[in-house]
Amino acid sequence: MARSEKRSLGASLALHAGLGGAALIAVFPVLWVFLTSLKPAGRETSSAFFDHPSFAAYGELLSKTKFLTWFGNTVLIAGFTTVLGVFLAATTGYAVSRFRFPGMRPLMWTLLVTQMFPVAILIVPIYQLLGKFHLLNQPLGLILTYMTISVPFCAWTMKGYFDTISSEIDEAGRIDGLNPFGTFWRLILPLARPGLAVTAFYSFITAWGEVAYASQFMTGLDKMTLAGGLQTFVNQYTQNWSMMSTASVLIAIPAAVVFVLVQRHLVAGQTAGSIK
Amino acid sequence: MAVDTTTSQPTATAAGGDTPARGPRRTAGTPGRLRLALGKHWYAWTLVAPVVIVIAVLVGYPLVQGLYLSTTDANDKNSEKQIGDFLHIPASYKNVGLSNYTDILFGAHTNFWARLGWTVTWTVSCVAVSFVIGLTLAIMLNRKVRGRSVYRTLLILPWAVPAFVSTFSWRFIMNNDRGFLNHALQALGLPTFDWLNDPTMAQISVVMVNVWLAFPFVMVAVLGGLQSIPGELYEAAEMDGANAWQQFWNITLPALRPISSTVILLSTIWTFNMFPVIFLLTNGGPGDETQLLVTAAYQKAFTGLRQFGESSAWGVLILLILVVFAVVYRRSLRKQGEVW
Amino acid sequence: MRRGIAASALVAALAVSMAACGSSGSTSNNGAPAAGASVDPAKVSGTVTWWDTSDAKAEAPTYQKVIADFQAKYPNVKVNYVNVPFDGAQNKIKNAFSTGTDAPDVIRSEVAWTPELASLHYLAPLDGTLALDKADDFLPNPVAATKYEGKTYAVPQVTDTMALFYNKKMFADAGIAKAPATIDELKADAAQIKAKTGKTGMYLRGDDAYWTLSFLYGEGGDLVDAGSKTVTVDNPAGVKAFKTMKDLVDSGAAKTSVTDGWANMMSSFQSGDTAMMINGPWALATVNKGGDAFADKANLGIAVVPAGSGGQGAPQGGHSYAVYAGSKNVPASELFVQYMASAEVQATLTKELGVLPTRKSVYAQPDVASIDSVKFFKDAVDKAHQRPWIPEGGTLFAPLVTEYTAMLSGKETPEQAAKNTGDAYRKNLGWK
């Protein structure tokens with residue numbers, strides 16, 4: 001916890017100046033996309049804060065494109081990726097944290113190595129695999145693919161979190177006659193809520209903003225996710241920056257909302273993740 | 001794939017045992033132990049099975065296939081094709097040994113080493129700068145300061161907004177003619193820069209944007225670490241007359257070591273393969289000044305007729321570099337008494 | 001350029017003679033009735049999935065309207081319209097075609113994709129089928145891009161090329177009477193504009209290799225010579241073209257940037273900061289938006305691209321309809337292509353979208369000839385320079401854009417940039 005301390009006025013000012021300056025830089029590009037979305041087509045690169053501002057582009061985006069369909073698809077895909085990904089990461093993290101079993105260390109290494117192979121080069125083989133399982137153009141195909149990105153990180157984080165939960169609780173569960181699954185589900189998981197929040201946030205953001213897989217595996221305006229749909233504004237020689245920035249704002253808002261919901265837990269969750 | 005029952009001897013207590021697993025225990029096992037192991041470890045194996053299956057199928061299989069393809073001349077022309085239901089064209093690529101690798105590493109006009117140099121420079125600068133900034137902000141946020149939660153929320157924002165959205169925004173802000181950044185610098189009477197068009201500036205610019213994207217992760221992680229340091233430690237240190245700097249050096253930094261090692265490891269892996277930032281901000285330009293290994297591989301092998309063999313070789317090389325890094329990094333940590 | 005057209009005419013003649021033999025490989029593997037004139041269009045049935053790469057917001061509604069007309073005319077054929085973003089579409093098409101799962105029956109194939117996809121055996125030959133109707137009505141240039149090894153693998157949909165866009169008022173203010181016909185005139189005009197108005201003469205798009213082609217063709221150069229399998233981008237004409245572009249920027253005649261080229265070029269031209277740009281018919285829809293310079297559309301002048309020492313030449317682009325060789329509905333697909341490429345549909349598309357038709361008879365219609373894009377671009381289309389229609393065409397632009405941006409940003413000299421591009425081509429193609 002923050003320590004109580006006495007600071008000089010100068011030190012306080014410096015602290016506020018530092019944090020305020022950093023916060024401004026953190027927020028500015030996000031604000032700038034919003035300001036850009038208010039500018040009329042053709043003036044997107046204007047350096048003025050306001051240049052003929054209007055919400056016309058929002059009306060156009062919502063009425064003339066399939067934005068709402070894409071939005072629904074993405075909510076579905078990101079939602080399932082998050083729920084499934086967090087659950088699997090939690091079971092894996094728990095197993096690795098509590099049990100010493102053959103294959104544990106290779107598993108941890110494998111999870112790390114999956115982060116190392118460049119996604120760009122995996123697209124074609126994964127495409128062929130999904131084709132064989134008839135999962136192309138299906139939300140499930142994308143959900144499974146996104147889990148390969150999010151679960152390794154989440155499992156590592158959850159392992160770190162479970163390590164901080166005293167094993168006496170497991171012991172107590174066993175004495176009460178719970179099997180390990182029961183102990184995990186009824187006793188440990190509720191205690192791990194902050195860790196779950198972090199992994200949920202990470203899984204959600206991963207699925208929400210992913211472009212490369214989404215645009216190759218999903219076909220047709222009705223099946224696209226938001227990030228894939230954004231590509232319809234890039235044509236052979238032209239780019240529709242007005243639509244792109246408007247869509248970007250609407251894509252960023254739900255991500256920010258999820259983030260505000262879980263951010264109280266973020267710090268606490270990461271604390272645990274730190275202790276290996 | 002990861003579960004190997006014949007080479008590892010189980011040493012844990014019964015399933016549900018609470019000894020945290022640490023360190024390898026590898027001795028030769030006998031097949032007769034399989035049943036025993038199954039009885040002991042079925043809980044754990046069941047818990048990890050879904051992840052193992054998904055990862056093995058969706059990453060493991062393509063990875064093994066990639067290893068194989070990297071020794072062939074596979075491309076769009078000679079790969080297997082199933083055209084409609086009836087026309088099947090079998091694969092006709094052939095084994096070329098390690099020539100994809102030797103071409104990439106030592107061929108005439110290879111840009112591997114130049115790109116590796118830049119990728120390392122990029123990774124080190126991005127990780128170092130975002131770590132220092134994240135650490136500094138975390139320490140500032142850990143003070144009692146009015147509006148702390150507001151600052152914290154705003155500072156995590158770059159992480160919460162999808163990367164492609166903020167990268168577009170930075171492209172506008174850094175636009176040479178009309179970007180806000182040059183406009184503001186000019187208004188303040190400062191020199192302007194050709195942010196994305198000048199070869200050296202473009203390198204600095206992409207690092208800046210990536211630092212902006214990456215520092216919240218470090219900040220959040222370090223903040224968590226800071227908050228787990230017991231306050232009594234500082235109280236004791238104060239009683240011993242330690243000044244703020246000594247407290248930071250002797251208490252704070254050592255306490256942050258475990259979290260830092262994980263953060264640095266993950267940041268390094270992610271930054272090394274950071275495709276979207278480069279692809280969307282400069283597309284590797286001007287020339288190939290900002291081209292990372294991963295974007296260079298994509299551009300070489302995936303535009304026009306695709307070279308699956310060559311691109312797999314690039315992928316394997318990238319993987320090897322990172323595995324070597326992870327092993328060396330882990331060794332150096334273990335020497336200092338930390339294990340993960 | 002001349003040689004290219006002569007070669008393509010030869011190819012076209014070959015294709016006609018082959019078609020006369022009645023060869024049609026497209027229907028041999030699915031038991032469908034033999035395609036050709038003997039098929040009664042009214043009896044054709046099936047479902048056609050069409051992957052269209054046009055602008056989902058601006059163009060797709062018109063295509064969907066045309067498809068509705070088609071279905072009214074042929075109620076037995078169901079068309080499944082799928083819009084696929086152009087960006088990434090080529091890899092997506094290849095992925096779908098190579099596995100046969102969820103693959104489309106008909107695609108909108110960019111001119112450079114057709115030979116590549118045909119060489120990979122993905123496309124059904126269309127000579128002598130329903131798809132190729134009134135073949136001699138098509139303009140020879142777009143037809144050349146549908147051939148591969150003597151067979152026709154696509155039917156031209158739209159064509160395009162590039163031209164010089166200029167701001168008439170800025171020209172008048174600087175006392176210039178007409179658009180520059182040569183690059184030397186362009187430089188002189190730019191200097192005069194700078195002197196009289198203080199503005200820059202031209203915006204050179206610096207982030208897209210396609211914009212280099214008119215300079216290359218203008219010097220009589222080309223990326224490669226497909227006939228003799230020779231890399232020509234770094235021959236003296238090629239080097240001269242690189243020097244010309246660099247000189248335009250260095251001399252102050254043109255501004256450029258190697259990122260966000262499209263947005264920078266358009267806004268600079270639209271707001272009257274620069275007086276000229278090289279662009280294609282796709283820019284007409286938005287050129288009067290954004291800035292104030294073209295609030296009165298009459299202020300926009302369009303002329304053929306300025307000539308280098310080897311004459312005028314702008315690259316030929318466009319799209320065609322192609323049929324998947326693995327399609328289960330070949331006759332229906334061919335019927336659909338026939339309808340979509342018909343004079344009637346082309347006239348509708350031109351009137352609604354301003355795209356340039358590929359049939360001579362459409363240009364002859366008075367209400368088409370009066371449309372802006374047709375008026376401005378008809379001449380340019382006839383003079384458009386053929387690109388090398390080879391399977392490897394798609395691999396040519398990546399090295400070029402790398403060297404182009406390296407040169408513009410001052411990292412490489414024009415000579416080095418040309419040579420490095422040539423070296424990359426020789427490595428990729430295995431040519432001389």
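Leaving aside neighbours within four places in sequence, Thr402(C) is in contact with Gly287(B), Asp288(B) and Gln299(B), where contact means heavy atoms within 4.5 Å. Thr402(C) lies in helix H16 (residues 397-408) of chain C. Helices (H or I, at least four residues) and strands (E, at least two) are DSSP runs, numbered from the N terminus. Thr402(C) is buried, because its relative accessible area is 10%. Buried means under 20% relative accessible area, exposed over 50%, and partly exposed in between (1.4 Å probe, protein chains only).

The model is predicted: local features need pLDDT of at least 70, side-chain atom pairs count only at pLDDT 80 or more, and totals for chains, interfaces and linings use all residues. Residues are numbered from 1 along each chain as its sequence is written, chains are lettered from A and ligands numbered from 1 in the order in which they are written, and side-chain values use heavy atoms, with hydrogens and water left out.

Chain B has 12 helices and 2 strands. From the N terminus on, its elements run α-β-β-α-α-α-α-α-α-α-α-α-α-α. Of the 340 residues in chain B, 54% are buried. Among contacts in chain B between residues at least 6 apart in sequence, 65% join residues at least 24 apart.

Chain B also meets chain A. Here 104 residues of chain A are in contact with 115 residues of chain B. The two chains bury about 10100 Å² between them, 75% of it on carbon and sulfur atoms. Buried area is the accessible area (1.4 Å probe) that two parts lose on being put together, summed over both. On the side of chain A that touches chain B, helix H1 (residues 9-38) of chain A gives the largest share, 17 residues. That side divides into 64 nonpolar, 27 polar and 13 charged residues. Ala, Val, Leu, Ile, Met, Phe, Trp, Tyr, Cys and Pro count as nonpolar, Asp, Glu, Lys and Arg as charged, and the others, Gly among them, as polar.

The largest nonpolar core has 209 residues. Such a core is a set of buried Ala, Val, Leu, Ile, Met, Phe, Trp, Tyr and Cys residues joined through side-chain atoms within 4.5 Å. Leu19(A), Phe101(A), Phe162(A), Phe217(A), Trp122(B) and Leu155(B) touch the most other members. Helix H7 (residues 199-227) of chain B gives the most to this core, with 16 residues. Not counting residues up to four places away in sequence, Leu19(A) touches Leu137(B), Met140(B), Leu141(B), Val145(B), Tyr151(B) and Leu155(B). A second, separate core of 79 residues includes Val231(C), Met265(C), Val368(C) and Leu408(C).
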